[in-house]
There are 2 protein chains.
Amino acid sequence: MTADQHPVLRLWSLFDAFDFDGVAPLLHPGFVMEWPQSRERIRGAANFVALNANYPGRWRCRVLRFVDGGATAATETEVSDGQVSVRAASFWTLDDGLIRDAVEYWPESYPAPDWRARWVERF
Amino acid sequence: MTADQHPVLRLWSLFDAFDFDGVAPLLHPGFVMEWPQSRERIRGAANFVALNANYPGRWRCRVLRFVDGGATAATETEVSDGQVSVRAASFWTLDDGLIRDAVEYWPESYPAPDWRARWVERF
């Protein structure tokens, strides 16, 4: 992590280092994170830090794709505890250099349907 | 849809109109779409158009968030048949004004876990 990194990349670097307190200064006072799949909303840095610090397991985070849209950004991140690997798709908004809000998805695997097999490859 | 729209927004507008053939000219000859959840890869405009044209149901598409990173982009899209509503989180790369490749997630709902209830609101 470097000081001139984008705040969203710094957040993921700090998560990767399990430095949750270090994330707080990156967040806007009005910070809100939404997880639409579970209809959960985390409001404020204190709740966000506490939730992540209490998340079970030791997870490493690796950003696979980063889209920098200026006042908005998006990340595709691999989050793994060495056995289970999941992906996060996150949409961020920035305000005055701070992370203002985010909407984040945690997609799960599912079996490839048969009906479309003729048009796809498997990997 | 307007002619000067970003290719990714045009793609979603055409999907919304069920004009799948209209999508083909937006795609690079080397176009590849990946769905990591099902480990499916769709290679080439013909397969992508055919798969979507054969997708069961009549779906409308509404882009909720669009992050324009120049050579990359990301979209959060609501896709609904009027009864079932799902979200797509898509990461795009552009090449010479054409959509070169994409990685797309289709997250499903899940119940909010009890352990983190003290730090979240429900919506």
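Let us begin with the two chains. A rotation of 180 degrees, with 0.0 Å of shift along its axis, superposes chain A on chain B with an RMSD of 0.0 Å; the copies are superposed by least squares on the C-alpha atoms of residues with pLDDT of at least 70 in both. The two copies are thus related as by a two-fold rotation axis. The same surface serves both copies, as 100% of the contact residues of chain A recur in chain B; contact means heavy atoms within 4.5 Å.

A word on the source: this is a predicted model, in which local features need pLDDT of at least 70 and side-chain atom pairs count only at pLDDT 80 or more, while totals for chains, interfaces and linings use all residues. Residues are numbered from 1 along each chain as its sequence is written, chains are lettered from A and ligands numbered from 1 in the order in which they are written, and side-chain values use heavy atoms, with hydrogens and water left out.

Next comes an open sheet of seven strands with mixed pairing, in the order 7(A)-2(B)-1(B)-6(B)-5(B)-4(B)-3(B). Strand 7 (121-122) of chain A and strand 3 of chain B stand at the edges, each with a single partner strand, so one side of each is left without a neighbour in the sheet. Strands pair here if DSSP finds at least two bridges between them; helices (H or I, at least four residues) and strands (E, at least two) are DSSP runs, numbered from the N terminus. Strand 3 and strand 4 of chain B run antiparallel and are joined by eight bridges, and C61(B) stands opposite V79(B) in strand 4 of chain B.

**Helix 1 of chain B**

How does helix 1 of chain B lie on the strands, and at what angle to strand 3 of chain B does it run? Helix 1 of chain B lies across strand 1, strand 3, strand 4, strand 5 and strand 6 of chain B, and runs at about 175 degrees to strand 3 of chain B. Axes are lines fitted to C-alpha atoms, for helices over the stretch in contact, with angles from 0 to 180 degrees between N-to-C directions. Eight of the 10 residues of this helix (residues 7-16) are buried, so it is largely enclosed by the rest of the structure. Buried means under 20% relative accessible area, exposed over 50%, and partly exposed in between (1.4 Å probe, protein chains only). Among the buried residues are W12(B) and F15(B).

In strand 1 of chain B we find L27(B), which is buried with a relative accessible area of 6%. Leaving out residues up to four places away in sequence, L27(B) touches L11(B), A45(B), F48(B), L98(B) and I99(B).

**Aromatic rings**

Over all chains, the structure holds 17 aromatic pairs. Rings of Phe, Tyr and Trp (its six-membered ring) pair if their centres lie within 6.5 Å; planes under 30 degrees apart count as stacked, over 60 as edge-to-face and the rest as tilted. Here are two of the pairs.

| Pair | Centre to centre | Angle between planes | Kind |
|---|---|---|---|
| W12(A) and F15(A) | 5.7 Å | 90 degrees | edge-to-face |
| F15(B) and F20(B) | 5.5 Å | 65 degrees | edge-to-face |

W12(A) is buried at 3% relative accessible area, and F15(A) is buried at 9%. Both belong to one aromatic cluster, whose members include F18(A) and W92(A). The charged end of R58(A) sits over the ring of F18(A), 4.1 Å from its centre; this calls for NZ of Lys or CZ of Arg within 6 Å of the ring centre and within 35 degrees of the ring normal.
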